[in-house]
Amino acid sequence: MAAEIISSTQDTDDPVDAVFALHRGGKMEIRATVPVRDADDLSLAYTPGVARVCTAIAEQPELVNDYTWKSNTVAVVTDGTAVLGLGDIGPQASLPVMEGKAILFKQFGGVDAVPIALACTGVDEIVETVVRLAPSFGGVNLEDISAPRCFEIERRLQEALDIPVFHDDQHGTAIVTTAALWNAAAVTGREIGSLRAVISGAGAAGIAIAKMLVAAGIGDVAVCDRKGVVHQGREDLTDVKAEIAEQTNRSALKGSLADALAGADVFIGVSGGTVPEDVVATMAEGAFIFAMANPNPEIHPEVAHKYAAVVATGRSDFPNQINNVLAFPGIFAGALQVRASRITEGMKLAAAKALAGVVADELTPQKVIPSPFDERVAPAVTKAVAEAARAEGVARI
């Protein structure tokens with residue numbers, strides 16, 4: 001089947017064939033930023049001139065940020081274990097996604113990015129490999145690494161490195177979700193502190209969203225995994241889930257997702273599966289439904305609109321797309337701009353507030369989050385993140 005699709009890519013009227021045609025040869029390349037037209041250019045760009053720059057950096061290591069690409073270049077790192085909704089498809093099959101991520105960094109944030117797909121999945125191996133690669137980069141964007149390993153990998157890398165390390169599946173999703181929720185509350189005349197939310201999914205995104213909503217002042221939030229509500233009384237919790245159980249679920253809910261949704265103000269789906277309509281109907285009047293599984297939302301918008309005041313998905317063909325591209329280019333652009341040593345919780349919240357603010361004067365139930373193509377987004381997020389980095393003491397310039 002794959003061979004048939006690939007061999008027929010000349011017919012780009014077929015959307016599938018058009019996809020293969022676009023990807024042929026890859027989606028990115030590396031280009032020089034200086035000319036090499038003659039012997040004089042060569043002597044400046046390479047030997048002997050380059051030796052002077054190398055010597056200067058050896059004597060003053062911080063000059064690497066001024067005289068190489070490091071200060072505006074991010075490594076996009078994956079092991080291919082949790083790629084989109086495809087799961088563990090391996091490093092080579094992940095490369096089209098990593099290339100896509102890299103071109104989005106450039107398109108929306110002006111940040112150069114290099115896809116790096118690793119042929120290892122062990123936590124120690126990944127951490128050691130990225131640490132060894134780090135001198136070439138100003139930041140590390142972890143991508144499509146399965147939970148719960150992703151939590152430890154990010155933590156250990158940030159402890160080992162003095163450049164920003166950011167797992168976009170966690171924090172990018174959390175930032176955009178929080179921004180949309182702030183605006184959903186605003187457009188309906190409510191406060192985030194009055195809302196009780198239920199998150200379906202206790203993986204990377206679900207855990208990060210829960211933590212950010214707590215930091216943003218949510219009234220209450222409960223996280224559900226395949227076995228139901230994550231609560232302190234459960235004896236089967238991983239360390240990560242045990243930690244989130246301590247930080248959430250003030251109502252001490254137990255039982256299934258359906259039990260938790262009864263009377264809930266907010267549903268946030270990052271798990272896949274389907275929530276039956278009769279369960280959706282038990283939510284509070286004027287609820288918010290953010291069903292973000294792709295390509296099939298946990299609650300289809302046609303059903304969601306029967307019961308919810310604001311509906312969002314992860315898809316581009318419905319209003320209110322929760323798309324990480326609204327966050328990560330500006331996050332890294334801001335962090336790199338001030339040569340931040342890390343991305344703090346305050347920087348993430350600042351990004352969410354800035355993102356929400358882009359459309360604060362244009363809010364409708366169908367527009368609680370900007371379009372990825374809104375040219376105001378990246379500059380607003382970049383500025384807010386840079387200012388927050390300085391306020392939090394992690395900026396170096």
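Helices here are DSSP runs of H or I with at least four residues, strands are runs of E with at least two, and both are numbered from the N terminus. With that in hand, welcome to a predicted model whose chain is divided into domain 1 (69-163) and domain 2 (169-396).

**Second largest pocket**
- Four elements, α3 (39-45), α4 (49-59), α6 (91-109) and β2 (112-117), each give at least two residues to the lining of the second largest pocket.
- The volume of this pocket is about 980 Å³.
- Its lining consists of 26 residues, and those nearest the centre are Ile-30, Arg-31, Ala-32, Thr-33 and Trp-69.
- By class, the lining of the second largest pocket has 18 nonpolar, three polar and five charged residues.

**Largest cavity**
- The structure has one cavity of 30 Å³ or more, and the largest cavity has a volume of about 30 Å³.
- Its lining is formed by Pro-301, His-305, Val-311, Thr-313, Phe-318 and Pro-319, with α14 (301-307) and β10 (308-313) as the elements that contribute two or more residues.
- Four of the lining residues are nonpolar and two are polar, while no charged residue takes part.

**Domains**
- The centres of domain 1 and domain 2, taken over C-alpha atoms, are separated by 23 Å.
- Where the domains touch, 25 residues of domain 1 are in contact with 22 residues of domain 2.

- In helix α11 (residues 239-247), the buried residues are Val-240, Lys-241, Ile-244 and Ala-245. These residues sit on the same side of α11 because they cover an arc of only 140 degrees around the axis.
- The buried residues of α11 pack against α8 (149-160), α10 (204-216) and β6 (220-225).
- On the face turned away from that buried side, α11 carries the exposed residues Asp-239 and Glu-246.
- Ala-252 counts as exposed because its relative accessibility is 56%, and the cut-off for exposed is over 50%.
- Ala-252 and Gly-233 are 19 residues apart in sequence, and their C-alpha atoms are 9.3 Å apart in space.

- Asn-183 belongs to helix α9 (residues 168-187). With a relative accessible area of 5%, Asn-183 is buried, since buried means under 20%.
- Beyond its neighbours within four places in sequence, Asn-183 is in contact with Ala-356, Val-359, Leu-363 and Val-368.

**Backbone details worth a look**
- As background, most peptide bonds are trans, and most residues other than glycine have a negative phi.
- The peptide bond from Thr-47 to Pro-48 is cis, with omega near 10 degrees, and Pro-48 is in the loop between α3 and α4.
- Asn-294 and Pro-295 are also joined by a cis peptide bond, with omega about 0 degrees. Pro-295 lies in the loop between β9 (287-291) and α14.
- Asn-320 has a positive phi near 60 degrees and is found in the loop between β10 and α15 (328-337). Its relative accessibility is 5%, so Asn-320 counts as buried.
- Arg-339, which is not a glycine, takes a positive phi of about 50 degrees. The loop between α15 and α16 (345-358) is where Arg-339 is placed.

Terms used:
Residues are numbered from 1 along each chain as its sequence is written. This is a predicted model: local features need pLDDT of at least 70, side-chain atom pairs count only at pLDDT 80 or more; totals for chains, interfaces and linings use all residues. Side-chain values use heavy atoms; hydrogens and water are left out. On a 1 Å grid over the protein atoms alone, a cavity is a set of points where a 1.4 Å probe fits but cannot get out, and a pocket is an open set with protein on both sides within 12 Å along at least five of seven lines; lining residues have an atom within 4 Å of a point. Grid points are joined across faces, edges and corners, and a volume is the space filled by probe spheres set on the points. Ala, Val, Leu, Ile, Met, Phe, Trp, Tyr, Cys and Pro count as nonpolar, Asp, Glu, Lys and Arg as charged, and the others, Gly among them, as polar. Buried means under 20% relative accessible area, exposed over 50%, partly exposed in between (1.4 Å probe, protein chains only). The arc is that of the directions from the helix axis to the C-beta atoms. Contact means heavy atoms within 4.5 Å. Domain bounds come from an automatic or database domain assignment.
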